[in-house]
Every structure is written in C-alpha cells, then in structure tokens.
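This briefing goes through the structure shown below. Please keep it in view while reading the points by topic.

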Amino acid sequence: MLHGRRHLQLVDSERDAMRVACQFNSELMDYIRPFVKAGTKTIELDRLVHAYTMDHGHTPACLNYQGYPKSCCISVNEVICHGIPDNYELKDGDIVNVDLTSIVEGWHGDQSETFLIGEVSPEAKQVTQCAFDCLYLAIDAIYPDCRVSEIGRVIVEEAKKYQFGVVEEFVGHGLGRRFHQDPSIPHVPTRAAHSVRLMPGVCFTIEPMINVGGAATQLDPNDGWTVRTRDRSLSAQFEHTILMTENGPEILSLTKDGPQKGHKF
C-alpha cells in the first residue's frame, strides 16, 4: 500500500532533482529525434544516445540494468517493449518506439515516444494516435490522493473504441533514485490499483502499450528481453514521467520538439 509510505513522497529539493533529470532526458529525446528516420539502423540510434548521455556527464540507465546490453530500448512494429537495438534499418511504413532513461546526479528521468517512419498504414497511424491519446487522458484523469486505478480505467475506455488491446503484463512504475519502485501503475483497472492512492510528492511513469490486435504478449526466448505481440499485430506506446503535486499532476518529461497534448498524427 502506497498510502502512508512517506519515503516515496519527495520533498522540494528531491522534486527539483527529478525535474533536472527529466529535463535532460527530454533534451536527449529531442536530440535523437532527427535521426529516427528511414535508413538509420537502430544500433546507430543507441550509439548516439549513449554518446550524448556520456558527453553530458550522465549515465544511460538501461545499460547493464539486470543484464540489458544497450543504452536504450527501441521497439519496432510488433515489438511492444524492450527491443534491443541491432542492425535493423528503419524503413518507410515502420512505427518505432524509442524509450530513454537517464541517471542525472543519482535521479532517473524516463520517457518514450512512438515515431512514424515515412508513409505508414492507416492502422499504424490509428494505434499510434490511440496510445498517445491514452497517455494524456490518463494524466488528465488523476489528481492528488486519487486511486491508481483511474489510470487504467480511462485507458481501457479509449482503447475499446478501436477494439485495441491494452497490454497488462508491463506497467508504469514509481521513479526516483531507483529505476523501478512503488507504485506499480497498471494500464488496466485492477483491484490492487484501486487500493493505492497517488499522494503529493510521488513520482511515477504512465506508459500505455496499445496493440492493434489482442493484448497477449510473447517474450523472445533467445534474448530474454524483446516482447512482441503474440498475434504479431502492431503495438504503440508513449510514456511520461509524472510528479503528483499538491495542485495535480506535473509532466516532468515534456519535450520542446515532440508532440504535445492534442497532437494529431
């Protein structure tokens, strides 16, 4: 139960540290943005992310995290999350999620975006739009001391309009000095999420993963990381780091150049 766990409620100086970490992570996303295009290999995107992060004196949180081999996650088409950058060359029609997490002075900033490469199918555009809208509907639905289940409720309602699946196995999470901590943020309403409240000072991610087909997932048995849709349908995701304040949710990971609330793909 998160309610009453005061160590997860950040004081002013800690909140400022999270703002700084997320600001850098957002700058990193804007830096990599022009390179996410047809003809670029995903391993090259990872190299650029690593170099930019290290050159600024910070640390890629993904690198060596529980054995993960690269500095970011890049998930293309039917890959839901945790795609490992490799020699795959992006091509027109792909959708690709770039998930970045940085450690800045011991604090984590975390976010992801799905990019449309060239001309994509109507289905690809629709699932990307749905994932983006689900993120902002969830942010708009929460308030100080609200139940975590409000997040999943609005996401499922939106996805149902398209008959899209909402991934259940992978969730948002608390964030701070640790990469993953309480509270767990499921993107579907659960009994456990109904019993947890978002108190002022708590920092967490919302990162809905929306599938064109069913919600079922499949872990790659060879690399132990890559998660695909079981039916190989397309999947899209957007993620922000959120600080719940006394006045409501504050998005810490807004970019200058990326899509803003209300954007239409």
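This is a predicted model: local features need pLDDT of at least 70, side-chain atom pairs count only at pLDDT 80 or more; totals for chains, interfaces and linings use all residues.

Residues are numbered from 1 along each chain as its sequence is written, and side-chain values use heavy atoms, with hydrogens and water left out. Helices (H or I, at least four residues) and strands (E, at least two) are DSSP runs numbered from the N terminus.

**Sheets**

- Strands of a sheet pair through backbone hydrogen bonds, either parallel or antiparallel.
- S3 and S14 (residues 227-229) run antiparallel and are joined by two bridges, and Cys-81 has Val-227 in S14 as its bridge partner.
- Another open sheet has three strands in the order S7-S12-S15, again with antiparallel pairing.
- At its edges are S7 (165-166) and S15 (235-237), each of which pairs on one side only.
- Three bridges connect S12 (residues 209-211) with S15 in antiparallel fashion, and Asn-211 is bridged to Ser-235 in S15.
- Helix H3 (residues 122-141) packs on this sheet and touches S12 and S15, its direction making about 150 degrees with that of S12.

**Nonpolar cores**

- In soluble globular proteins, nonpolar side chains tend to be buried together.
- A nonpolar core here is a set of buried Ala, Val, Leu, Ile, Met, Phe, Trp, Tyr and Cys residues joined through side-chain atoms within 4.5 Å.
- Buried means under 20% relative accessible area, exposed over 50%, and partly exposed in between (1.4 Å probe, protein chains only).
- The largest nonpolar core has 39 residues, and those with the most contacts inside it include Val-127, Phe-204 and Ile-210.
- Two or more residues of this core come from each of H3, H4 (149-160), S11 (203-206) and S16 (240-245); H3 gives the most, with 11 residues.
- Beyond its neighbours within four places in sequence, Val-127 is in contact (heavy atoms within 4.5 Å) with residues including Ile-95, Phe-164, Ile-210 and Asn-211.
- A second, separate core of 36 residues includes Leu-48, Val-76, Val-96 and Trp-107.

- An unreviewed UniProt entry places the feature "binding site" at Asp-99, Asp-110 and Glu-239; UniProt positions are given in the numbering used here, feature names are shortened, and annotations may be inferred rather than shown by experiment.
- These residues are spread over 141 residues of sequence but cluster in space, with a largest C-alpha distance of 8.1 Å.
- Asp-99 is in strand S4 (residues 95-104) and is buried, with a relative accessible area of 12%.
- Asp-110 is in strand S5 (residues 107-116) and is buried, with a relative accessible area of 2%.
- Not counting residues up to four places away in sequence, Asp-99 touches Cys-72, Cys-73, Asp-110, Gln-111, Ser-112 and Glu-239.

- The UniProt annotation "binding site", from an unreviewed entry, covers His-82 and His-180.
- His-82 is in the loop between S3 and S4 and is partly exposed, with a relative accessible area of 25%.
- Residues up to four places away in sequence aside, His-82 touches residues including Tyr-68, Phe-170 and Trp-225.
- His-180 lies in the loop between S8 (172-174) and S9 (181-185) and is partly exposed, with a relative accessible area of 33%.
- Apart from neighbours within four places in sequence, His-180 is in contact with Tyr-65, His-173 and Gly-174.

**Thr-53**

- Thr-53 is in helix H2 (residues 42-55) and counts as buried, at 1% relative accessibility.
- Thr-53 and Leu-28 are 25 residues apart in sequence, and their C-alpha atoms are 7.4 Å apart in space.

Note on methods
Two strands pair if DSSP finds at least two bridges between them. Axes are lines fitted to C-alpha atoms, for helices over the stretch in contact, and angles run from 0 to 180 degrees between N-to-C directions.
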